[in-house]
Every structure is written in C-alpha cells, then in structure tokens.
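Please view the sequence and the model together before reading on.

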Amino acid sequence: MATTTPHPGATYDHAGAGAAVARADWRDARYQAFALMRLAFTVAPIAFGLDKFFNVMVDWPIYLAPWINDIAPGSGQDFMYFVGATEILAGVIVALKPRYGAYIVAGWLAGIVLNLLTHSGYYDIALRDFGLMLAALTLARLASVYDPPLRLGRH
C-alpha cells in the first residue's frame with residue numbers, strides 16, 4: 001500500500017492528532033482540483049436543490065421511485081421540497097467544511113442512485129450520479145489534505 005507524504009509547506013497539528021494540512025497554493029494542481037471540486041459540489045447541490053421548489057430544469061417528481069413515493073408522506077412534489085432543502089444544506093456544508101460535507105453529498109448521491117436503480121428507465125442517470133458520488137468521495141479525500149478538521153472543545 002502506498003504511503004502519503006505531506007505536501008511541501010504543510011502545517012502540522014502539534015495538539016496530538018498528527019494531521020498535516022497543506023497550504024492553499026494555486027500553482028499546485030492538487031489544490032486546483034480541490035478548489036474546483038469544492039466549487040462544483042457547492043454550486044450544483046444548491047442549484048438543483050433550489051430547482052426542486054420550482055421545477056424549471058426538470059419535473060423532479062418523475063424521478064422518484066414509486067416505492068419511495070408510497071412510503072413518503074404527501075405527494076412526490078412534497079417529498080421534493082424535503083430533497084431540495086437537504087441538497088441546499090449539503091451544498092452549504094461543502095462550502096463551509098468540505099472535509100465533512102463531501103461525505104454528506106456522496107451519501108446523498110448513493111441514495112439517489114439507489115432510488116434510480118429501483119425506478120425502471122433511469123439507469124443512465126443512475127450511472128451519471130454514481131460517477132458524481134465517486135467525485136464527491138474524491139473531494140472528501142482531497143479535503144482531508146487541504147481542509148483542517150474541526151477542533152471542538154479545544155482552546
């Protein structure tokens with residue numbers, strides 16, 4: 001198994017966690033990839049989340065598998081309001097703390113993939129969202145290098 005060496009210019013956590021956090025360096029392709037993916041996984045969930053309320057880009061309830069529609073309270077559009085709010089929140093979390101938000105987005109995309117795989121006729125979209133899920137997981141790994149962990153309760 002390959003080992004990871006800290007990025008040149010990394011700062012070290014001397015409080016016991018041992019985590020290295022690399023500095024933002026726009027000349028570094030790794031940091032550029034992190035920043036680009038952070039932007040994408042902030043903007044896309046917020047934009048698509050907002051559209052769940054207005055259905056401008058697409059009529060979102062048609063993508064809801066019947067079994068989910070049967071167990072969710074209210075109509076398919078009512079459920080899309082919940083979905084939209086969740087996606088907006090996930091995008092905001094990625095913007096603020098991609099180290100954690102990227103895993104939330106990846107989990108959410110896994111749920112979307114499951115929904116689409118159980119709703120005949122949307123396998124191509126499920127494949128696309130599976131690729132997006134892998135990209136969100138990639139952002140999470142990059143964020144582990146560029147986004148320091150939360151330090152709750154420490155002064």
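Is Arg30 buried, partly exposed or exposed? Arg30 counts as partly exposed, because its relative accessibility is 44%; buried means under 20% relative accessible area, exposed over 50%, and partly exposed in between, with a 1.4 Å probe and protein chains only.

## Basis of the model

This is a predicted model, in which local features need pLDDT of at least 70, side-chain atom pairs count only at pLDDT 80 or more, and totals for chains, interfaces and linings use all residues. Residues are numbered from 1 along each chain as its sequence is written, and side-chain values use heavy atoms, with hydrogens and water left out.

## Salt bridges

The structure holds five salt bridges, a salt bridge being a side-chain nitrogen of Lys or Arg within 4 Å of a carboxyl oxygen of Asp or Glu. One of them joins Arg30 to Asp28, with the closest N and O atoms 3.2 Å apart. Asp28 is buried, with a relative accessible area of 10%. Another links the side chains of Asp25 and Arg27 at 3.1 Å, N to O. Arg27 is exposed, at a relative accessible area of 76%.

A further salt bridge pairs the side chains of Lys97 and Asp147, at 3.0 Å from N to O. Lys97 lies in the loop between helix 3 (76-96) and helix 4 (98-117), and Asp147 in the segment after helix 5, so this pair ties together parts that are 50 residues apart in sequence. Helices here are DSSP runs of H or I with at least four residues, numbered from the N terminus. Both Lys97 and Asp147 are buried.

Helix 5 spans 123-146, and Asp147 lies in the segment after it. Asp147 counts as buried because its relative accessibility is 7%. Not counting residues up to four places away in sequence, Asp147 touches Val21, Phe34, Lys97, Pro98 and Arg99; contact means heavy atoms within 4.5 Å.

Ser144 is found in helix 5 and counts as partly exposed, at 22% relative accessibility. With residues up to four places away in sequence set aside, Ser144 touches Ala20 and Arg99. The C-alpha atoms of Ser144 and Ala22 are separated by 9.3 Å, although these residues are 122 residues apart along the chain.

## Helix 3 against helix 4

Two packed helices are described by the angle between their axes and the distance between the axes. For helix 3 and helix 4, the axes come within 7 Å and cross at roughly 150°. Axes are lines fitted to C-alpha atoms, for helices over the stretch in contact, and angles run from 0 to 180 degrees between N-to-C directions. Helix 3 and helix 4 are therefore roughly antiparallel to each other, a label for angles over 145 degrees.

By class, the contact of helix 3 with helix 4 has 13 nonpolar, two polar and one charged residues. Ala, Val, Leu, Ile, Met, Phe, Trp, Tyr, Cys and Pro count as nonpolar, Asp, Glu, Lys and Arg as charged, and the others, Gly among them, as polar.

## Gln77

Gln77 is found in helix 3. Gln77 is buried, with a relative accessible area of 17%. Leaving aside neighbours within four places in sequence, Gln77 is in contact with Lys52, Asn55 and Pro61.

Technical notes. Helix = DSSP H or I, 4+ residues; strand = E, 2+ residues; numbered from the N terminus. Parallel < 35°, antiparallel > 145°, perpendicular 65-115°, else oblique.
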